[in-house]
Amino acid sequence: MTKICFLVTCYNRKEKTTHCIKSIIEQNPNLIPQFVLVDDGCTDGTSEAVEQIPNIDIHIIKSKGNLFYSGGMHVAIEYVKNNKIDCDYYALINDDVEFYAHSFERMVELPYKDSIRVGATDDGNGKMTYAGVKSCSKWRPSFKKVMSLKDIVYCDTFNANCVLIPAEVFKTLDNIDSHYVHGFGDFDYGLMARSKGINIIVTNFYVGKCLNNPVKGTWKDHSFSIRKRIKMKESPNGSPSKMWFYFTKKHFGIFSAIFTVVYQYVLFFLKKY
């Protein structure tokens, strides 16, 4: 039986986290799942609830709540590598995905042994929400989501809502860059894999339901004042210019990084965001 180590970061979504993990265990009977859960300062008893799931094999790492997504996944990957947790595959997942039955069994069966496999998600009604990501420009960060319900599609990077990595590939990859706090880490991780010649494919089926992040209540919500929106944008779980600059410079060069940060604020004040 195939053994998969699932890496997940959580923060105060007890019901979603426990439901997600239960569904993986119960709906993939031909797999041996193991979990590394980073509890990023939960106050709702998430870790305790997860530990009560029957037959669960889990390692829980507790932090003070300052890791966010990329930081949490960095800690999870570091833990796996330092403790030499040996599995056939390693999966990066978000706990807000409602996985469909046999999703990971189907991903394992795909005949692309040395490729990273991105699990596409929909809104529950067949409309794609997250998938693989294709780079549209060689000189600036321009991306589009890609997948096909007919054919396997190759891509350049991914949102790590559901990503399955073969063990031999995982061992060759560095950790998620510690410069990233919340966003960018998964995009960067995928681009770094491609730079090493590792193929990334997207499933030709939906692995689960995962809704797009809402605009309301975020820095893109025009009901807030400009001042508040800027503060929210530059917060760790917003879209901070510092992270954009670092990411763009790393992959597209210094001039592209400067242009990207300035252009974003032009669009911001024109209310194109």
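Me: Which residues of the largest nonpolar core touch the most other members?

Reply: Leu-7, Ile-116, Ile-165 and Tyr-189 do, out of the 38 residues in that core. A nonpolar core here is a set of buried Ala, Val, Leu, Ile, Met, Phe, Trp, Tyr and Cys residues joined through side-chain atoms within 4.5 Å. Buried means under 20% relative accessible area, exposed means over 50%, and partly exposed lies in between, with a 1.4 Å probe and protein chains only. This is a predicted model, in which local features need pLDDT of at least 70 and side-chain atom pairs count only at pLDDT 80 or more, while totals for chains, interfaces and linings use all residues. Residues are numbered from 1 along each chain as its sequence is written, and side-chain values use heavy atoms, with hydrogens and water left out.

Me: Which helix gives the most to this core?

Reply: Helix H3, residues 68-82, does, with five residues. Helices (H or I, at least four residues) and strands (E, at least two) are DSSP runs, numbered from the N terminus.

Me: How many residues apart in sequence are Leu-173 and Lys-196?

Reply: They are 23 residues apart in sequence, and 8.6 Å apart in space, C-alpha to C-alpha.

Me: On to H6. How many of its residues are buried?

Reply: Eight of the eleven residues of H6 are buried, and the helix is mostly covered. The buried residues are Gly-185, Asp-186, Phe-187, Asp-188, Tyr-189, Gly-190, Leu-191 and Ala-193. Just after H6, Gly-197 takes a positive phi of about 85°.

Me: At what angle do H6 and H8 pack?

Reply: Helix H6 (residues 185-195) and helix H8 (residues 241-252) pack at an angle of about 10°, and their axes are 11 Å apart. That makes H6 roughly parallel to H8. Angles under 35 degrees count as roughly parallel, over 145 as roughly antiparallel, 65 to 115 as roughly perpendicular and the rest as oblique. The axes are lines fitted to C-alpha atoms, for helices over the stretch in contact, and the angles run from 0 to 180 degrees between N-to-C directions.

Me: Which residues meet there?

Reply: From H6 come Phe-187, Asp-188, Leu-191 and Met-192, which meet Phe-247, Lys-250 and His-251 in H8. By class, this contact of H6 with H8 has four nonpolar, one polar and two charged residues. Ala, Val, Leu, Ile, Met, Phe, Trp, Tyr, Cys and Pro count as nonpolar, Asp, Glu, Lys and Arg as charged, and the others, Gly among them, as polar.

Me: Now the sheet. In what order do the three strands come?

Reply: The order is E9-E8-E11, in an open sheet with antiparallel pairing. The edge strands are E9 and E11, each of which pairs on one side only. Two strands pair if DSSP finds at least two bridges between them.

Me: How many bridges join E8 to E9?

Reply: Four bridges join E8 (residues 132-135) to E9 (residues 143-146). In E9, Phe-143 is the bridge partner of Ser-135. E8 pairs with E11 (residues 157-158) over two bridges, and Phe-158 in E11 is the bridge partner of Gly-132.

Me: Last topic: is Asn-55 buried or exposed?

Reply: Asn-55 is exposed, with a relative accessible area of 78%. Its place is the loop between helix H2 (46-51) and strand E3 (58-63). The phi of Asn-55 is near 60°, a positive value in a residue other than glycine.

Me: And is Thr-17 buried or exposed?

Reply: Thr-17 counts as buried, at 0% relative accessibility. Thr-17 is in helix H1 (residues 14-27).

Notes: Contact means heavy atoms within 4.5 Å.
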